[in-house]
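Subject: A structure for you to look at

Hi,

Here is the structure I promised to pass on. Have it open while you read, and my notes on what I found follow below.

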Amino acid sequence: MRNIVKYSFWLFVIIVIFLSFKELINNKEDLGAKGSEESSPQMVEKQNDETIKVVVDPGHGGVDPGAIGASGSYEKDFTLDLSKKLVALLENDPNLEVLMTREGDQFLSSEARERPNFANDLDADLFLSIHANTYSDPSVSGTETFYYDQNSKPLADTIHKHLVNATGYNDRGVKQENFFVLKDTNMPAVLLEIGYLTNPQDEQKMMTDVFQQSVAEAITDGINEYLDG
Ligand SMILES: [Zn+2]
């Protein structure tokens, strides 16, 4: 009988110690959960909200060379080289997710609307189509920016302002045009005609890394100003 009392006492002590420990652990877990509720999940959510998807679309490609320059250069090569420099700059911004419609010399079907579909499927926030111009008169020079939807005009205006400064070419203005890449995209979209490859002096300049880098920086400045505004 004395043994039973003794065992019961020790069993009681062990249960009390066990329950105290459990309480202590539960409290710690609660604190931990509260701590993370107040900081990390909200921060992650905020970051996701702030991520802006930018699609850079190098014009033409593959069997479609685009404009042929005064010395025989291809617009498709200019647009890809410039786009790669632009993407490299934009990728420095952790708030931007940057994607290209093509990363090599590849043909994208206009009939299948591959370029706007790419941006729409990604639910992109901005779409930039990079081009160079062509004209029968080799003396024609200048930079122009196109948009279609009225919602895209502020983006077009802001980028164009920086772009014209960088190229130093004639300001041919910001114009509304129903190019399919602008019309069929669901987000603010612009098409940049950087300069005329058919103008021999301009073509020479446009093919240099220095010129392309300064144009890429100008477009980046324009995007940043648009996003901050
Ligand atoms: Zn073009």
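Along the chain, the donors of the zinc ion follow the spacing H-x14-E-x55-H. The protein donors are His60 through NE2, Glu75 through OE and His131 through ND1, and they lie 2.0 to 2.1 Å from the zinc ion. Please keep in mind that this is a predicted model.

Where do His60 and His131 lie? His60 is in the loop between strand 1 (52–58) and helix 3 (75–90), while His131 belongs to strand 3 (residues 126–133), so the pair ties together parts that are 71 residues apart in sequence. Are these two histidines buried or exposed? A residue counts as buried when its relative accessible area is under 20%. His60 has a relative accessibility of 18%, so it counts as buried. His131 comes out at 11%, so it is buried as well.

Now follow strand 3 to its partner. Strand 3 pairs with strand 6 in the parallel sense, over six bridges. Strand 6 (residues 189–196) is mostly covered, with eight of its eight residues buried.

Strand 6 also pairs with strand 4, this time in the antiparallel sense and over three bridges. Here the bridge partner of Glu144 is Glu193 in strand 6.

Glu144 deserves a visit of its own. You will find Glu144 in strand 4 (residues 143–147). Its relative accessible area is 5%, so Glu144 is buried. Which side chain does the side chain of Glu144 make a polar contact with? The partner is the side chain of Asn133, at 2.8 Å. Leaving aside neighbours within four places in sequence, the contacts of Glu144 include Asn133, His160, Arg172, Lys175 and Tyr196.

Finally, here is the chain as a whole. There are eight helices and six strands, and from the N terminus on they run α-α-β-α-β-α-β-β-α-β-α-β-α-α. Of the 229 residues, 39% count as buried. The accessible surface comes to about 13000 Å², and 53% of this belongs to carbon and sulfur atoms. Among contacts between residues at least 6 apart in sequence, 80% join residues that are at least 24 apart.

Happy exploring, and do write back with any questions!

Best wishes

Key: Residues numbered from 1 in each chain as written. Predicted model: local features only at pLDDT ≥ 70, side-chain atom pairs only at ≥ 80, totals over all residues. Heavy atoms only, no water. Helix = DSSP H or I, 4+ residues; strand = E, 2+ residues; numbered from the N terminus. Buried < 20%, exposed > 50% of the residue type's maximum accessible area, 1.4 Å probe, protein only. Contact = heavy atoms within 4.5 Å. Areas by Shrake-Rupley, 256 points an atom, 1.4 Å probe, with all protein chains shown as cover. Polar contact = N/O pair within 3.5 Å; in protein donor to acceptor, adjacent residues only side chain to side chain. Donors = N, O, S within 2.8 Å, 3.2 Å for Na, K, Ca; no water. Pairing = 2+ DSSP bridges.
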